Amino acid sequence: MRVLKFLLQKEFRQILRDPSIFRILFIAPMIQLLILPLAADYQIKNINLSVVDHDHSQYSQILINKIVSSGYFRLKDYSATFPQAMHSIELDKADLVLEIPIHFQRDLVKDNKANLFIAANAINGIKAGLGSAYIQQIIQNYNQTVRMQWVQFPRFDPQPTIDVEYSDWYNPNMNYQYFMVPGILVMLLTIIGSNFAALNIVKEKELGTIEQINVSPIKKTYFILGKLIPFWILALVVLTFGLVIAYVVYGIVPLGSYLTIYIFSAIYLLAVLGLGLLLSTYAQTQQQSFLVAFFITMIFNLMSGLFTPIESMPHWAQVITWFNPVTYFIEVMRMVILKGSVLADIKTQIFAVLGFAVFFNGWAILNYRKRS
Amino acid sequence: MKQFFIFVKKEWLHIWRDRRTLFNLIWMPIVQIILYGFALTNEVKNSEIAVFDQSHDNATTAIIQEINASRYFEVSQYLHSYKEIGATFRKGKISLAIVFPENFQDNLLHNNYAQIQLIADASDPNTANTLTNYATAIIHDYQQSLNQNKDLPYTIKTQLRMLYNPELKSAYSFVPGVMALVLMLVCAMMTSIAIVREKELGTMEVILVSPLKPFHIIIAKTIPYLAVSIFNIACILLLSVYVLNVPINGSLLLLVLESILFTITALSIGILISNAAKTQQAAMFTSLLSLFLPTLLFSGFLFPIENMPLPLQIISNIVPAKWYYIIVESVMIKGLGFWAVWKETLILVIMTLFLLGLSIRNFKIRLA
């Protein structure tokens with residue numbers, strides 16, 4: 001135990017005396033946590049609309065007003081011809097084109113039916129899908145009003161109507177930041193934890209100081225523990241900072257308990273730090289080690305459900321996410337913070353991450369050789 | 001000039017002989033393109049939902065069947081009380097619950113009015129929004145089918161055309177973004193490390209006392225990485241076309257030239273970082289934190305830039321990946337020519353010249 005104490009003392013001094021480490025550990029993540037959630041807003045609003053109105057009638061005017069006042073659309077321009085509107089789409093000035101053909105009003109009143117054309121820039125499929133759904137809904141409503149104007153009510157058979165009522169639980173204001181902030185905090189912790197750990201042992205290898213440790217009576221387990229514990233503590237401090245920022249800046253108070261978050265984070269950090277140490281026992285240079293650690297954390301983060309939902313992935317990709325510790329942590333953070341899940345709800349995730357921790361650290365200890 | 005080429009050769013050997021790093025440089029972009037190309041998507045499909053049906057009649061069964069049959073939903077749980085909804089949400093698998101009140105069909109047929117409640121787990125507002133929209137559309141279709149026999153007067157028909165991407169595949173918007181991400185990271189990070197490494201290992205001294213000018217040193221450092229990057233671009237384009245089925249609708253030559261331009265931008269950022277950093281560790285973290293997330297966020301492929309607060313929209317303009325993303329989208333997907341992207345290209349050229357100039361000016365020929 002005394003050996004471990006000295007090792008810890010050494011590691012802490014090494015970390016705390018390097019000002020750049022401090023900057024990287026605290027200032028950079030905090031800035032990111034302040035900026036990223038503001039940027040990560042994926043609500044579909046502000047769909048830019050270009051209108052080609054060949055009819056210039058009262059009806060077309062009312063319809064356009066209805067669409068614009070719905071709040072989803074911004075009227076970008078009136079184009080004289082469809083190709084001109086297409087040009088707006090090509091230059092990304094418009095997302096959606098509504099073409100109102102000539103004699104729209106006359107056809108609707110005299111022939112009982114009229115046509116409208118919508119073209120959407122579908123490169124962003126979700127935006128095109130939702131945008132065209134919104135505009136069609138508005139047109140349907142407008143259609144209903146026109147019908148009511150022309151048809152006397154008694155003649156008009158009442159039709160069965162299904163009224164759909166919505167309620168949005170856990171986040172009734174649809175605040176996207178409540179969703180993103182916990183996830184981004186997880187991502188930052190993961191990047192910091194695994195990359196620091198990955199660089200640490202390799203650095204000693206590259207600078208040659210590892211030889212001194214190799215000839216000392218330090219046991220392998222102590223060596224790994226000595227590397228693990230300081231980063232574990234630092235990462236928990238970073239987590240605390242992050243939660244404070246989440247509370248102060250974004251007003252996020254977990255519905256569940258902080259204790260649940262800390263218990264899970266403590267286990268989780270063991271897993272990512274273990275992964276980093278494992279990588280660094282294999283690598284020869286910092287460049288190699290960092291590159292692999294970075295690559296793995298990037299895949300972990302992007303495939304964790306942080307930015308895009310896991311349910312949308314193809315099945316084989318979902319299977320990959322089972323082997324991704326970040327997935328579990330993001331799930332847990334969102335569940336505890338937004339839905340108030342308790343320890344019993346996150347049993348599976350705890351066991352999974354515990355498994356990762358044992359696996360990575362065990363492997364790292366086995367693989368660390370005192371001989372070069 | 002001869003000295004210069006010898007120097008390039010030296011740099012090339014650095015990469016070539018470090019097989020592990022070279023291997024990483026080549027397979028990493030490939031794996032990423034495939035993985036993200038398939039897996040990064042926000043299309044909703046087969047989302048698991050729960051149903052709380054209190055009437056169990058023909059109408060509710062029909063609606064549940066319609067919903068289950070759509071490619072968006074899979075009814076995976078039948079609940080028996082309101083309380084269960086909260087419990088299933090907390091377990092985290094289900095994101096939408098549909099509640100049918102009692103006597104649904106009776107109300108619908110006799111009073112011509114019935115209600116359905118959609119309860120969404122809005123902790124992910126976006127998915128919640130999409131799911132409720134799709135479910136509502138299906139319910140509306142069912143309602144329309146009840147009215148089918150009646151011919152309604154004064155009907156407006158809408159004809160809808162989805163341009164460029166009729167199947168609404170999300171790969172079309174994600175692949176250009178992933179290209180920007182991968183190229184930026186590989187190029188910038190690797191060059192920044194390459195220069196700092198020489199500083200850290202002390203070999204920089206040897207280079208600094210050589211008769212080479214700083215300009216030549218920097219160019220020689222980047223050329224091998226440029227070569228690797230061009231190889232990467234080729235791989236990425238081949239994969240997008242043949243594996244991800246994202247077409248190249250515009251000119252291939254233009255696309256490749258623009259990609260090389262973007263690579264040079266990334267390389268010059270790498271050099272700039274390496275000038276400032278003292279240790280490899282610092283260089284890596286600076287490039288990671290200042291490149292990975294900004295590229296991911298501000299290129300506009302994950303999150304629409306127009307939704308961001310104004311200061312961030314302004315910041316997004318200095319992120320090269322944003323311009324490259326617009327270029328790739330225009331050339332590759334929309335099939336437009338140079339006339340549509342000359343502004344973005346000009347911006348990238350100016351950025352590159354600026355960054356290169358800055359890093360050459362800041363290149364220290366004296367050791368501290």
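1. The expected span of a helix is taken as 1.5 Å times one less than its number of residues, and helices are DSSP runs (H or I, at least four residues) numbered from the N terminus. This is a predicted model, in which local features need pLDDT of at least 70, side-chain atom pairs count only at pLDDT 80 or more, and totals for chains, interfaces and linings use all residues. Residues are numbered from 1 along each chain as its sequence is written, chains are lettered from A in the order in which they are written, and side-chain values use heavy atoms, with hydrogens and water left out.

2. Helix α11 of chain A (residues 286-302) has 17 residues and should therefore span 24 Å, which agrees with the 23 Å between its end C-alpha atoms. Because 15 of these 17 residues are buried, α11(A) is largely enclosed by the rest of the structure; buried means under 20% relative accessible area, exposed over 50% and partly exposed in between (1.4 Å probe, protein chains only).

3. A nonpolar surface patch of about 880 Å² includes Ile27(A), Val244(A) and Val253(A), where patch members have over 30% relative accessible area and no salt bridge, nonpolar side chains being joined within 5 Å and like charges within 9 Å. A salt bridge here is a side-chain nitrogen of Lys or Arg within 4 Å of a carboxyl oxygen of Asp or Glu. The largest share of the patch, 4 residues, comes from α2(A), while Val253(A) lies in the loop between α9 and α10 of chain A and, at 47% relative accessibility, counts as partly exposed.

4. Arg23(A) gathers with Lys199(B), Lys278(B) and Lys364(B) in a patch of positive charge on the surface. Lys199(B), found in helix α7 of chain B (residues 171-201), counts as partly exposed at 32% relative accessibility.

Notes. Helices (H or I, at least four residues) and strands (E, at least two) are DSSP runs, numbered from the N terminus. Accessible areas come from the Shrake-Rupley method with a 1.4 Å probe; for residues, only the protein chains shown count as cover. Lys and Arg count as positive and Asp and Glu as negative; His and the chain ends are not counted. The place of a charge is taken as NZ of Lys, CZ of Arg, CG of Asp or CD of Glu.
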